[in-house]
Amino acid sequence: MSVTVVQFGGSNCDRDAVRALEHLGVDAERRWHEDGLPADTDGIVLPGGFSYGDYLRAGAMAARAPIMDEVREAAENGVPVLGVCNGAQIGSESGLTAGAFTTNASARFQCEPVHLRVERADTPWTAAYDEGDVIEVPIAHGEGRFEIEASAHEQLLADDRVLFRYCDADGNVTDAANPNGSTDNVAGILGERETVAVLMPHPERATLPDVASSTDGAGVLHGFV
């Protein structure tokens with residue numbers, strides 16, 4: 001399998017994503033956004049960072065880059081697409097997923113490990129876990145608060161498209177365990193296709209045993225395997 005990690009100006013987790021994927025035995029390459037997607041790509045990662053300096057809104061400018069038309073077309077054809085942190089913001093801004101990500105309730109950048117509860121285990125991105133599992137993955141964002149209109153939130157729940165919720169170490173979904181004020185403690189969701197997912201925490205930073213205290217994030221990247 002060949003996964004393309006799209007690099008925008010300001011991306012800073014693209015190399016992390018490539019290294020984590022290669023650790024799992026996945027062939028991965030960085031691709032500058034102006035060069036378009038390779039014709040034979042089997043998967044796509046929209047990595048974290050600060051694309052275009054987060055001007056206007058985080059992810060807003062990258063979402064309008066020409067390559068995103070290719071990403072949307074690939075997603076419609078069933079190619080797996082994973083957006084992480086800034087990539088999640090790009091995904092929501094480009095219409096790959098519902099809702100939006102905005103300024104943390106704390107109004108500050110937060111970089112810390114958090115606990116996530118696996119809400120579904122029957123998707124490519126969560127097949128390595130059991131439903132209800134609690135995993136530890138780091139966050140690093142200033143605009144990670146998930147917001148969604150009430151009617152769209154109801155549809156998200158009706159379609160069972162919530163992948164992860166912020167929780168405490170025992171799996172309790174509480175306000176205290178919500179690091180950024182996200183609606184319904186949502187940390188990751190699916191698009192209309194289950195092959196498309198976005199999440200604010202960084203699974204690639206919790207994959208390599210030599211650089212991370214937790215390797216719990218590897219299960220997410222196994223979605224490409």
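A residue is called buried when its relative accessible area is under 20%, exposed when that area is over 50%, and partly exposed in between, with a 1.4 Å probe and protein chains only. The model is predicted, so local features need a pLDDT of at least 70 and side-chain atom pairs count only at pLDDT 80 or more, while totals for chains, interfaces and linings use all residues. Residues are numbered from 1 along each chain as its sequence is written, and side-chain values use heavy atoms, with hydrogens and water left out.

**Two loop residues**

Helices (H or I, at least four residues) and strands (E, at least two) are DSSP runs numbered from the N terminus. D122 sits in the loop that links β6 (110-118) and β7 (134-141), and D122 counts as exposed because its relative accessibility is 54%. The side chain of D122 makes a polar contact of 2.8 Å with that of R120; such a contact is a pair of N or O atoms within 3.5 Å, where, within protein, one must be able to donate a hydrogen and the other to accept it, and residues adjacent in sequence count only if both atoms are side-chain atoms.

T41, in the loop between β2 (27-32) and β3 (43-46), is buried because its relative accessibility is 10%. A polar atom of the T41 side chain lies 2.9 Å from the backbone oxygen of G43. Leaving aside residues up to four places away in sequence, T41 touches S2, V3, T4 and V79, where contact means heavy atoms within 4.5 Å.

**Nonpolar cores**

A nonpolar core is a set of buried Ala, Val, Leu, Ile, Met, Phe, Trp, Tyr and Cys residues joined through side-chain atoms within 4.5 Å. The largest such core has 43 residues, of which L21, L82, L116 and F164 touch the most other members. Apart from it lies another core of 18 residues, including V6, F8, I44 and A74.

**Cysteines**

With a disulfide taken as a pair of cysteine sulfur atoms within 2.5 Å, the count is 0.

| Cysteine | Nearest cysteine sulfur | Distance |
|---|---|---|
| C85 | C13 | 6.7 Å |
| C167 | C85 | 18 Å |

C85 is buried, because its relative accessible area is 4%, and C167 also counts as buried, because its relative accessibility is 3%.
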